[in-house]
Amino acid sequence: MRVPLLLALLVQGCFQTDFPTACSQDEAQCDEPTTDSSVSETSATETTPGEETSGEDSPVDADEDTSTADSSIDAADAETGADSTLVDSMPDTAPPPDTATPPDTAPPPDTTPVDSAVCAASSYSCAGDQLRRCKTDSSGYDNIVACPTGTCSAALGRCTYCAPGSRSCSGAQPTLCNALGSAYAADGAACAAPQTCGGGGTPGVCGCTASPTACSGKECGMVDNGCGTMISCGSCTAPRTCGGGGTANKCGGCSGTLPGPTMVGVGTYCVDSTEVTQSQYAAFVTAKGSDLSGQPSTCGFNTTFAPGTAASCYTPSTTPSKPVTCVDWCDASMYCKWAGKRLCGKIGGGPNAYLEPADATKSQWFAACTSTSGYLFPYGNVYVSGFCHTPGDTAGTTVDVKTRPSCTGTSAPYTNIFDMSGNASEWEDSCGNLSGTWYCHTRGGNFTDATAGAVQCKDESVWPVDFSAKWLGFRCCAD
Ligand SMILES: [Ca+2]
Ligand SMILES: [Ca+2]
């Protein structure tokens with residue numbers, strides 16, 4: 001009996017629905033379109049007469065929701081053989097579970113105030129700088145006032161005048177906020193200069209901040225850092241000294257100690273006051289020994305710094321103050337380098353151009369000899385026999401440096417520069433390569449000359465770098 005009934009239902013139901021395929025797979029789903037169809041008809045009946053109510057409140061929608069639920073239940077029924085008709089009717093009659101406990105009727109949490117006390121009634125608290133007072137029912141705080149930073153006091157129930165223990169200044173007097181926060185009181189001695197109250201960066205404490213610009217515009221020497229401490233602004237390279245040029249804390253002058261002759265400041269550079277003497281050169285020979293390193297590339301020939309042995313060239317034990325002669329250009333250049341100076345060359349640095357020996361803006365040697373005044377001789381434009389050691393005695397020798405007092409310039413500082421005319425001719429750092437051989441200038445003439453033209457400042461000769469003679473020496477310059 002059961003099988004024929006099912007078959008009958010299938011024949012009558014399934015093939016009348018719009019879902020024959022689904023039905024053929026699962027008998028249970030055959031109910032679904034049938035049931036939905038009937039509901040839909042009912043819905044149409046309910047909505048047609050009335051208002052076009054919103055979808056949310058429509059009972060039709062509720063039924064649709066229920067029918068959706070029904071379908072799952074139907075599926076379960078199909079498996080258990082339960083009566084699908086009974087299941088379909090359940091959503092319409094069963095009370096909705098939510099209606100039993102409406103949220104509006106739940107007891108409010110406020111009805112148990114004793115358990116929610118968060119503070120002692122009327123007590124004070126600070127939330128950061130915010131002063132708060134506890135409500136009388138202890139349920140929470142009321143904000144009273146926002147205190148200035150660090151002055152909220154829960155104990156006092158008010159903002160304090162100052163943060164207890166904090167420091168401040170009253171002029172030069174350090175002060176300390178009392179424990180009540182009601183006032184500042186003097187603390188310790190007043191600050192004495194150069195310290196000021198808070199001057200070191202800590203409020204209410206005597207101190208001083210060193211000036212970061214204490215050495216601004218200064219090159220050397222000691223200066224006050226603004227706090228009573230002397231600091232160094234640097235040092236000068238000899239021959240310049242700190243303040244030697246006449247300006248405090250500036251490097252200048254040429255009096256700093258270097259080997260060789262005392263130097264004289266002329267314009268922007270220094271020049272030896274005399275030719276390098278034999279005793280001065282002897283110190284160099286002793287110091288260097290056999291060390292020939294560091295020579296210019298043109299000096300590969302030079303295997304000794306010892307001067308030649310011609311008469312009076314180099315007998316430092318007996319003629320220590322005569323100019324050293326019989327030295328080649330490389331010997332002269334290396335002596336100046338050893339002494340911390342350089343063979344006189346170009347103003348501002350380096351060798352002077354070979355074709356510019358008589359330019360007072362370029363040649364250190366020429367500018368010093370002429371006092372930059374255009375003089376033909378150190379002492380003027382007219383040759384005076386005897387002012388310098390220029391006797392024209394080819395059989396003679398040099399004399400001690402600085403023994404011809406008139407053989408100088410006529411105004412300071414050139415009055416302190418000797419023998420630029422005569423005595424020994426002087427190598428200059430001004431060389432040129434002529435047909436493969438390096439020639440360098442020699443300046444000022446020497447004791448073998450007696451004609452005015454031969455001992456003028458502008459006079460110059462050129463000799464190979466490896467040349468030496470008893471009448472040829474040198475002096476150094478420094479920047
Ligand atoms: Ca040599
Ligand atoms: Ca000379």
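Colleague: What percentage of the residues in the protein is buried?

Modeller: A residue is called buried if 20 or more other C-beta atoms lie within 10 Å of its own, exposed if 12 or fewer, and partly exposed in between, with C-beta atoms placed from the backbone. Buried residues make up 31% of the 479 residues here. This is a predicted model, in which local features need pLDDT of at least 70 and side-chain atom pairs count only at pLDDT 80 or more, whereas totals for chains, interfaces and linings use all residues. Residues are numbered from 1 along each chain as its sequence is written, and chains are lettered from A and ligands numbered from 1 in the order in which they are written.

Colleague: How many helices and strands does the secondary structure comprise?

Modeller: Helices (H or I, at least four residues) and strands (E, at least two) are DSSP runs, numbered from the N terminus. The protein has eight helices and 22 strands.

Colleague: Which residues of α6 are buried, and on which side do they lie?

Modeller: One considers the arc, taken from the directions from the helix axis to the C-beta atoms. In α6, residues 278-288, the buried residues are Gln278, Gln280, Tyr281 and Phe284. Because they cover an arc of only 160° around the axis, they are on the same side of α6. The face turned away from that buried side carries Thr286 and Ala287, which are exposed. After α6 comes Gly289, with a positive phi near 55°.

Colleague: Against what do the buried residues of α6 pack?

Modeller: Contact between two residues requires their C-beta atoms, placed from the backbone, to lie within 7 Å. By that criterion, the buried residues of α6 pack against α7 (329-338).

Colleague: Why is α7 described as largely enclosed?

Modeller: Nine of the 10 residues of α7 are buried, so the rest of the structure largely encloses this helix. Among them are Trp329, Asp331, Met334 and Trp338. The cover over the buried residues of α7 includes α6, β17, β18, β19 (437-443), β21 and β22. Gly340, whose phi is positive and near 85°, follows α7.

Colleague: Why does Ser333 count as buried?

Modeller: Ser333, a residue of α7, counts as buried because it has 28 C-beta neighbours inside 10 Å. Leaving aside neighbours within four places in sequence, Ser333 is in contact with Pro296, Leu343 and Asp429. The C-alpha atoms of Ser333 and Gln295 are separated by 8.2 Å, although these residues are 38 apart along the chain.

Colleague: In what order do the strands of the open sheet run?

Modeller: Strands pair if DSSP finds at least two bridges between them. The open sheet of four strands has the order β15-β16-β22-β17, with antiparallel pairing. Its edge strands, β15 (263-266) and β17 (342-343), each pair on one side only. β15 is joined to β16 (residues 269-272) by four bridges, and Val266 has Tyr269 as its bridge partner in β16.

Colleague: Which residues of the largest nonpolar core touch the most other members?

Modeller: A nonpolar core is a set of buried Ala, Val, Leu, Ile, Met, Phe, Trp, Tyr and Cys residues joined through C-beta atoms within 7 Å. The largest one holds 60 residues, of which Cys270, Val271, Ala332, Tyr335, Ala368 and Cys476 touch the most other members. The largest share of this core, seven residues, is supplied by α7. Not counting residues up to four places away in sequence, Val271 touches residues including Met263, Cys344, Ala368 and Cys477.
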